[in-house]
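Try each task before you read its solution.

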Amino acid sequence: MAESTGVDRGIQSLLAAKKSLKSSLEKSKAIGLALGKTGPRFDEIEQRLPSLEAAVRPIRADRDALGDVGGNINRAVGPAAAVLKVFDAVHGLEKSLLSDPRSDLSGYLAVLKRLEEALKFLGENCGLAIQWLEDIVEYLGDHKVADEKYLLNLKKSLRGLREFHNDVEGVVGGGGEKERSQLRLDGGLRDAALDKLESEFRRLLKDNSVPLPMASPSSLGDQACIAPSQLPVTVIHKLQAILGRLRANNRLDKCISIYVEVRSSNVRASLQALDLDYLDISVSEFNDVQSIEGYIAQWGNHLEFAVKHLFEAEFKLCNDVFERLGLNVWMDCFSKIAAQAGMLAFLQFGKTVTDSKKDPIKLLKLLDIFTSLNKLRADFNRLFGGAACIEIQNFTRDLIKRIIDGAAEIFWELLVQVEIQKQTPPPNDGGVPRLVSFVTDYCNKLIGEKYKSTLTQVLLIHKSWRSERFQDNQLMVEVLRIIKAIEQNLDVWMKAYPDQTLAHFFGMNNHWHLYKNLKGTKIGDHLGDSWLKEHEQYKEYYATVFLRDSWGKLPSHLSREGLILFSGGHATARDLVKKRLKAFNDAFDEMHKKQVTWVLPEKDLRDRVCQQIVQAIVPVYRSYMQNYGPLVEKDASSSKYVRYTVVALEKILSSLYMPKPMRYGSFKGTPPSEKHKNDVDLRRTTSAVV
C-alpha cells in the first residue's frame, strides 16, 4: 500500500517536470520570436534618434527663454487670429455683392461699404500680424528654442505672406492700379462689386435718357422754354450714391466716361431729327456762298436750339449729378458731352463759310453768322466759359475773328470793286448791268434794319483791333461813295456805246433803276430829293431822245403826200402805197431785229415805253391801212407789202424788251443776251385792217 503511494508520487513528479519543461520551451520560443521582432524596431529607433534629439532640445534651452516663449507666441497669434476672423467676414459678404444691385441699391452700397471697411482693416493689420509672427520666429531662432529646419520653413511661409501683403497694399492703400491677375485680399470680390455698380450706373442713365421729342424741324421756333432736367430726382440720387462709392474706389474716371458716352449719344439722337448733314460740307464741295445760302439760315436756328435747349439741359443735369464732386468735375464732364455731341461741328460749319472765296454775298452771310453767335453770347459764356471748355472757347474766338476780318475786308473793298468795273464793256442789250442792280439792292440791305447795326458793330470791332476810330456815320458815308461810283460808271459805259440809240436806251434804263430803287430808302433820304429828281429827269430825257431817234421815225414812212392827187388813178396810187408800205415794213423789221434783244427789267418802265411806241406807231398804221389798205390787198402780191395786221403789230410792240432769266450774281459783267425763244409769229394772216 505504501509502495503504490510512492510510485504515484514519482509519476506526478515526472508529469510536473514535463509540464514545466514544456512551459519553459514555449517561453523560450516566445522570447526568440520577440527578439526577432525587436531588431527592426531598434533600427527604427536608431533612425529617429536625431529628430527626437531635436524635439527635446528646447528642454535643454535656457529656462528664462522658455518662460518668455509663451507670451511672445500669444502676442503674435492674437493679431493673426483677428485678421483671420475678418477674412471670414469678407467671404460672408460674397453672396450679397455678387447679386444684382438694382433690386436694393442702398442695401448693396451698405454691404460694399462694409467690405471696404474690412479691407481697410486688413490693410492696416495684416502687416502688424506678419511683423509679430516674424518677431517670434526671430526670437525662437536667436534663443535656439526651435529646430533650425522648422524655423526655415516658417521664414519661407512668412516671406510669401509679406510679398502677398505688399501686392495688396499697393491697391488698398492707393499705391496705384495693378493688373487684374494680381492677388487680392478679397479674391477680386470688391472689383466684381464695382463692375456691377458701373453697369447699374449705365443702366440707370440709358433707361432714363430719352431724346427731346420734336414734331418737325420747323417747330424749333415754337419751343421757347428751356428743356427741364431729363432725369427723375430719384434716379439722380441713385447716380450720386453710386458715384460716391466708385469715387472712393478710384473709379470716377470710368464713371464719367460712361456718363459722357450715354448723354452725348442722347443729344446726338435729339439732333438727328434736324437733318444736320450740311454741317459736314467742305469748302471744296461748293463754289460760292450762294450754294449753301439756305443752310446758313438753318444753321442759326439749329445752333440756337442746340444751345438753349439741349446743351442747357445737359449743363444743368451735369451740375445736378456731379455737384457733390466739385465744379471742376461736372464742368469737365459737360465739356466732353458738348464736344462729342456736335458743338464743334456747328462751329466748324461757320469756319467753312469763312474759308470760302470772297464775294459780296458772303459779307451778308458772315453777318448772319455773327448775329447768331452774338445772340447766344451770354449763353456761350455761361455754358462754355469754364477752363474745361477751352477747346470750344478757342474755336469760337477764332471763328469770330475770321468773321470780323472777312466781313470788314469785303466791305472796304466794295468801292474798289465798283470802280474796277468801269473797265468792263456795258451790256449789249442796253439793260441794267448786274453790278448796278446788285449794288443798289446790296447797299439798301447793308443799311437796312437787318444788317446795319451788326455791320456797324463788326466794323467798330475791326477798327478797335487796329487802334483806329470808327465814326458813327462812316458806314453811310462809305455806302454813298459806292452809289456815286455807280453814277460815274454809268457815264463811262454810255460813252462806250457806238450806237447812240442804244446808249440813250441804256441811260433811260439805269437812271430809272437808280431813281426807283433808292427813292424812299435810307440811302435816297441821305442823297436828297434833288439827287433823285435829277435821275428821274435824266430818265425822261433819254426816253424822249430814244423814242424820237428810233421808233419815232417809222410813221414818216406812211406819208399820205401825193395820194389825194391820184385819187382817180388807182394804179398810180396803188404803186405809191406799195412803195411806202414796203419802206415802213423794212424799217420796222430792221428796228425790231435790232431791238428785239434789248431789255427793260423794270416792268413799269417797260410798260410805259412800249405804250409810247404803240401810241406813236399803231394809230398811224391803223389809219393808213383803213384808207389805203384795200388798194393793196386786192393785188395778188399783197402779202409782200401788207406784212402785219394792226393787232399783230400792236402785240409785237407791246412784247418788246422782256427781260431774260439770269442768275442773281454780284460784280460780274452781264453776258450777251440770247434771243427770245418760242417767239410767236404775229405777221399778217388776215386783213391788215383787223
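**Exercise 1.** Does E312 count as buried or exposed, going by its relative accessibility?

*Solution.* Before we start: this is a predicted model, where local features need pLDDT of at least 70, side-chain atom pairs count only at pLDDT 80 or more, and totals for chains, interfaces and linings use all residues. Residues are numbered from 1 along each chain as its sequence is written, and side-chain values use heavy atoms, with hydrogens and water left out.

Step 1: get the cut-offs. Buried means under 20% relative accessible area, exposed means over 50%, and partly exposed is in between (1.4 Å probe, protein chains only).

Step 2: apply them. E312 has 14% relative accessibility, so the label is buried.

**Exercise 2.** Which side chain does E312 meet in a salt bridge?

*Solution.* Step 1: recall the rule. A salt bridge is a side-chain nitrogen of Lys or Arg within 4 Å of a carboxyl oxygen of Asp or Glu. The general idea is that side chains of opposite charge can pair when their charged atoms come close.

Step 1: find the partner. E312 pairs with R382, at 2.8 Å from N to O.

Step 2: Helices here are DSSP runs (H or I, at least four residues; strands are E, at least two), numbered from the N terminus.

Step 3: check the cover on R382. With 40% relative accessibility, R382 counts as partly exposed.

Step 4: look for another bridge. R382 also meets D379, at 3.3 Å from N to O. D379 and R382 both belong to helix α13, three residues apart, or about one turn of the helix. D379 is buried, at 11% relative accessible area.

**Exercise 3.** Which residue forms a salt bridge with D441?

*Solution.* Step 1: the partner is K445, and the closest N and O atoms are 3.7 Å apart.

Step 1: both residues are in helix α15 (residues 434–446), and because they are four residues apart, about one helical turn separates them.

Step 2: both ends are partly exposed, D441 at 31% and K445 at 37%.

Step 3: A search of the whole structure turns up 34 salt bridges.

**Exercise 4.** What residues does Q240 touch, not counting those up to four places away in sequence?

*Solution.* Step 1: contact means heavy atoms within 4.5 Å.

Step 1: on that basis, Q240 touches D320, V321, E323 and R324.

Step 2: Q240 lies in helix α7 (residues 233–248) and is buried, with a relative accessible area of 6%.

Step 3: stay in helix α7, where R245 is found too. R245 counts as buried at 17% relative accessibility.

**Exercise 5.** What is the phi of S467, and what is the phi of Y657?

*Solution.* Step 1: know the background. Most residues other than glycine have a negative phi.

Step 1: read the angles. S467 has a positive phi near 55 degrees, and Y657 has a positive one of about 65 degrees. Neither residue is a glycine.

Step 2: locate them. S467 is in the loop between α16 (452–465) and α17 (474–496), while Y657 is in the segment after α23 (646–654).

Step 3: compare their cover. S467 is exposed at 69%, whereas Y657 is buried at 0%.

**Exercise 6.** How many helices and how many strands are there in the chain?

*Solution.* Step 1: the chain has 23 helices and zero strands.

Step 1: turn to burial. Of its 690 residues, 44% count as buried.

Step 2: finish with contacts. Among those in the chain with a separation of 6 or more, 81% are between residues 24 or more positions apart.
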